[in-house]
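Welcome to this short tour. Please open the model in your viewer and keep the selection tool at hand.

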Amino acid sequence: MGTARQKLDLTDAQEETLAPLFDQQFLDMRQQMREMKSLRQDLRSLNVADADYSQQVEALIKQGQEAAATLIRSKAELKQKVYAELTPEQQEKFASLAKK
């Protein structure tokens with residue numbers, strides 16, 4: 001099974017334009033995964049006996065929500081940028097790949 005890049009049959013020019021975007025998306029996702037891991041570790045390290053335990057939990061929830069929102073926005077922006085570089089035929093393929 002090929003990658004979306006292969007399935008879209010990108011031209012060399014498209015690949016040159018889009019490759020840095022895909023690379024940045026990969027780096028961003030790795031960073032988001034590290035942040036989520038850090039949040040889980042922070043949650044485990046909280047002391048339930050602390051007077052402000054609930055507030056600490058709420059702060060971590062807010063950080064997690066913000067991280068998730070950032071990831072969703074990043075993916076959506078990448079999809080828009082990729083779509084804008086595609087031919088009409090490639091856009092159709094892109095749309096069908098997104099549904100899978």
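**Stop 1: the whole chain.** Keep in mind that this is a predicted model. Show the protein chain as a cartoon and colour it by secondary structure: you will find 4 helices and 0 strands. Following the sequence, the pattern reads α-α-α-α. The radius of gyration of the protein chain is 19 Å, whereas the globule rule gives 13 Å for 100 residues, so the chain is more spread out than a compact globule. Now turn the view along the principal axes; the C-alpha atoms fill a box of roughly 60 × 25 × 20 Å.

**Stop 2: the inside.** How much of the protein chain is made up of buried residues? Of its 100 residues, 20% are buried. Select Leu8, Leu10, Leu18, Leu78, Val82, Leu86 and Phe94 together, and you have the largest nonpolar core, with 7 residues in all. In soluble globular proteins, nonpolar side chains tend to be buried together.

Stop 3: Centre on Phe94. Leaving aside residues up to four places away in sequence, which ones does Phe94 touch? They are Leu8, Lys79, Val82, Tyr83 and Leu86.

**Last stop: contacts across the sequence.** Zoom out again and consider contacts between residues at least 6 apart in sequence: 63% of them join residues at least 24 apart.

Key: Residues are numbered from 1 along each chain as its sequence is written. This is a predicted model: local features need pLDDT of at least 70, side-chain atom pairs count only at pLDDT 80 or more; totals for chains, interfaces and linings use all residues. Side-chain values use heavy atoms; hydrogens and water are left out. Helices (H or I, at least four residues) and strands (E, at least two) are DSSP runs, numbered from the N terminus. The radius of gyration is taken over C-alpha atoms; the globule rule is 2.2 Å times the number of residues to the power 0.38. Buried means under 20% relative accessible area, exposed over 50%, partly exposed in between (1.4 Å probe, protein chains only). Contact means heavy atoms within 4.5 Å. A nonpolar core is a set of buried Ala, Val, Leu, Ile, Met, Phe, Trp, Tyr and Cys residues joined through side-chain atoms within 4.5 Å.
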